[in-house]
Amino acid sequence: MPLAISLPTSSFSHFTPRRRHGHAILRYKRFPGARSSLEEPYDKKNQTGVIIIGAGLAGLAAATRLNSERIPFLLLEASDAVGGRVRTDIVDGFFLDRGFQIFITAYPEAKKLLDYEALDLQRFYAGAKVFYGGKFHTVADPLRHFWDSVASITNPIGSVVDKGLIALTRARVLIKSDEEILTAADEVTTIDLLRKIGFSEAILDRFFRPFFGGIFFDRDLETTSKLFDFIFRCLALGENTLPAMGIGEIPNQLAAKLPASSFLFNTRVASIEYPNGSDSDLDPPSVRLQDGGVLKAELGVIVAVEQHEADKLLEGIREPVTIKPARSTICVYFTAEPSQIPVQDPVLFLNGSSTGIINNMFFATNVARTYAPPGKALVSVSLIGSFEDRSDDDLAAEVLRELSGWFNEYSVMSWKHLKTYRIKFAQPNQCPPTDLVKSPRVGSGLYLCGDYMTSATFDGALVSGRRAVEVLLREKGQI
C-alpha cells in the first residue's frame, strides 16, 4: 500500500529553511527530494501555507518570495521539471532551448534574483547582421562597437537620419524609469510609435520588423509601445546573452535555492474550488488534482500558468476574459561540422529582405561553445507564426534552401536537421490597449501571476510572481 506524503507544514513559526541543493543536480531532470503524484498520493487532510500552480519563472519567483518570508509552500507542476516555456533539452549531446530565447542582463528583477556569474552568461555581439540585397549589412551599437557603427553609417539598412533617431530613442527611454514606461498613458502600437518618431520605411522593414519582431514574435509590430520602450531601455543598459548550459539554467538556478520537498512534478490540477461555490468566505479555495486528490492552503492559492490554462482553472469563479491571439514561433535546429559554419562571430542574423520564411538565425555554438559536443556546431533558425499546414521536414528543407542564398550553398546543404520546436503559446499578445500592472487578486485567497499580467518578458514573469505573493501577504497581515 502506498505511503502518504506529508505536505510542507503549515506551522509557520516552526518552519526552517532546508539545505540548498546543488545547482548542477537540477539540469534537465527532476531533482532529489522532489516528488511526483505518479509515485505517491497526498494525504487529503494535509495543508500547507500557499499552493502555487505552475513552476515556470512566475511560479518560481512566487516561491522565492515566500521562502524569503519562511512561509511553507507547495509548488505543483504538470510536467517533469521546472521552467515552463524556459526549458532546455539535451538531444544527442546538443543543448536545445525550446524556442529562440535571449536573456538581457539589464532586466531589473532578474538582477535581484539571479547569480549571473553562476549562469556563466555568454554574450552576443551588440548589434546584428541584416541580410538585404543579396548580402549582409552590419547594424552595431555605437557605444560598444564604435568603428563598426561608423563603417555602417551609409549602408542601406537605414539612412543617416534613421541612425541618429536610434540614438535619440535611446536617450528618450534612458531618462525614464521602468515604472514610468510600463504605466505610460500615451500607448500606441510599436509601428505607430516608430513612424511617429520619424523612422523611414526602409529601416522599419529591414531592421525593426525582423529584430523586434523576433523579440515580440510579431513582425507587424502591433505590440504595445510600452513593451518596446522597456525592451529598448534594457538593451541600452545591458547585453544579450545565453547561459552556457542553456536558457533552462535560469529557472534551474531559482529552483535550486528552494526546498526540494516543496515541489510536486507530473501533477496536473483539474480545478480550483471554493467551499460554497463562491469566494464569499474568507478561506482560500481548495485545489483538486486530476488524480482526485484535494489539496488545501492556509493562506492562499497562486495560479502561475499560461493565461489560457488559468482561464480553464478559473471557470465558474470569474467571468471569462477575452484573450488576444497568442504569439507563435517555430525554432528549427541543425547540426553541422565546424568547417561548415561560414562565420565565427557571436552575432544575430536578421532577414531584412521581406521575403522567405526565416525571421532570424544564429550559430549557437559561436555564442556558447557548450551548446554542442566537441567537434560539432549548432545552428538555430527562427520563424514567426505557426505554419500549421507545413510539416517539420518541409519547413527544414525550405529553411536550408533559403539559407543557401545567405551563405555558401555547399556548406548549408550539408547541415543536418536535428529538431523542430513548434511553440504555439510563445508569448502573450500585448497589442494595445494593455494594462501591464494588473492586480493579481482574483478572489479570497486566490491570485494570478505570469508574464501576461505584466510585461511579456522574463522580467515580467519574475515581477508578477513577487507581486502576487506581496498582495497575498498584505491581505493576510503577514507584512
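Buried here means under 20% relative accessible area, exposed means over 50%, and partly exposed lies in between (1.4 Å probe, protein chains only). These views show a predicted model, in which local features need pLDDT of at least 70, side-chain atom pairs count only at pLDDT 80 or more, and totals for chains, interfaces and linings use all residues. Residues are numbered from 1 along each chain as its sequence is written, and side-chain values use heavy atoms, leaving out hydrogens and water.

**View 1. Asp89 and Arg98 form a salt bridge.** A salt bridge is a side-chain nitrogen of Lys or Arg within 4 Å of a carboxyl oxygen of Asp or Glu. In this pair, the closest N and O atoms are 2.9 Å apart. Asp89 counts as buried because its relative accessibility is 16%, while Arg98, at 28%, counts as partly exposed.

**View 2. Asp80 meets Arg87 in another salt bridge.** Here the closest N and O atoms are 3.1 Å apart. Asp80 is partly exposed at 42% relative accessibility, whereas Arg87 is buried at 9%.

View 3. Helices (H or I, at least four residues) and strands (E, at least two) are DSSP runs, numbered from the N terminus. An α-helix has 3.6 residues a turn, so residues three or four places apart point the same way. Asp205 is partly exposed at 26%, and Arg209 is buried at 15% relative accessibility.

View 4. The structure holds 25 salt bridges.

**View 5. Three strands make an open sheet in the order 6-10-7.** Their pairing is antiparallel; two strands pair if DSSP finds at least two bridges between them. Strand 6 (103-104) and strand 7 (121-123) are at the edges, each with a single partner strand, so one side of each has no neighbour in the sheet. Three bridges join strand 7 to strand 10 (residues 240-243), and Arg123 stands opposite Thr241 in strand 10.

**View 6. Helix 10 (residues 249-256) is mostly covered.** Eight of its eight residues are buried, among them Ile250, Pro251 and Leu254.
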